[in-house]
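Please look over the structure below.

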Amino acid sequence: MNETLDLKGLKCPLPALFAKRALLRSARGESVEVICDDPLAAIDVPHMCRGENFEVVRVTREGDMVRMVLRRP
């Protein structure tokens, strides 16, 4: 993981916006881990990735928390 974003407490669309900003800052092939507790983030962040041509490597749920690993191709 090149960067981890702890976005707990933020409501959509903020997790998707912060994830996009981090991915745009990263170099090609680097990964960003996003940790959220907003249930809609598990939908919005992967949707943003599809629209922006980023790769969703993994989405896991841990109780109320969602952990996503995203990659800039």
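Strands here are DSSP runs of E with at least two residues, numbered from the N terminus. The model is predicted.

Glu3 lies in strand β1. Its relative accessibility is 25%. Buried means under 20% and exposed means over 50%, so Glu3 counts as partly exposed.

Beyond residues up to four places away in sequence, Glu3 touches Ala22, Arg25, Ser31, Val32 and Glu33. With Arg25 there is a polar contact, side chain to side chain, at 2.8 Å. Glu33 is 30 residues away from Glu3 in sequence, yet their C-alpha atoms are 6.2 Å apart.

## Helix α1

Helix α1 covers residues 14-25, 12 residues in total. From first C-alpha to last it reaches 17 Å, close to the 16 Å expected at 1.5 Å a residue.

Pro15, Ala16, Ala19, Ala22 and Leu23 are buried in α1. Viewed down the helix axis, the buried residues of α1 fall within an arc of 130°, so they line one face. An α-helix has 3.6 residues a turn, so residues three or four places apart point the same way. The cover over the buried residues of α1 includes β1 (3-6), β2 (31-36), α2 (41-52) and β4 (65-71).

Which side chain of opposite charge is nearest to Asp38? It is Lys11, 4.7 Å away. A salt bridge needs a distance within 4 Å, so Asp38 has none, though it is buried.

Asp38 sits in the loop between β2 and α2. A polar atom of its side chain lies 2.7 Å from the backbone nitrogen of Cys12. Setting aside neighbours within four places in sequence, Asp38 contacts Leu10, Lys11 and Cys12.

Conventions:
Residues are numbered from 1 along each chain as its sequence is written. This is a predicted model: local features need pLDDT of at least 70, side-chain atom pairs count only at pLDDT 80 or more; totals for chains, interfaces and linings use all residues. Side-chain values use heavy atoms; hydrogens and water are left out. Helices (H or I, at least four residues) and strands (E, at least two) are DSSP runs, numbered from the N terminus. The expected span of a helix is 1.5 Å times one less than its number of residues. Buried means under 20% relative accessible area, exposed over 50%, partly exposed in between (1.4 Å probe, protein chains only). The arc is that of the directions from the helix axis to the C-beta atoms. Contact means heavy atoms within 4.5 Å. A polar contact is a pair of N or O atoms within 3.5 Å; within protein, one must be able to donate a hydrogen and the other to accept it, and residues adjacent in sequence count only if both atoms are side-chain atoms. Lys and Arg count as positive and Asp and Glu as negative; His and the chain ends are not counted.
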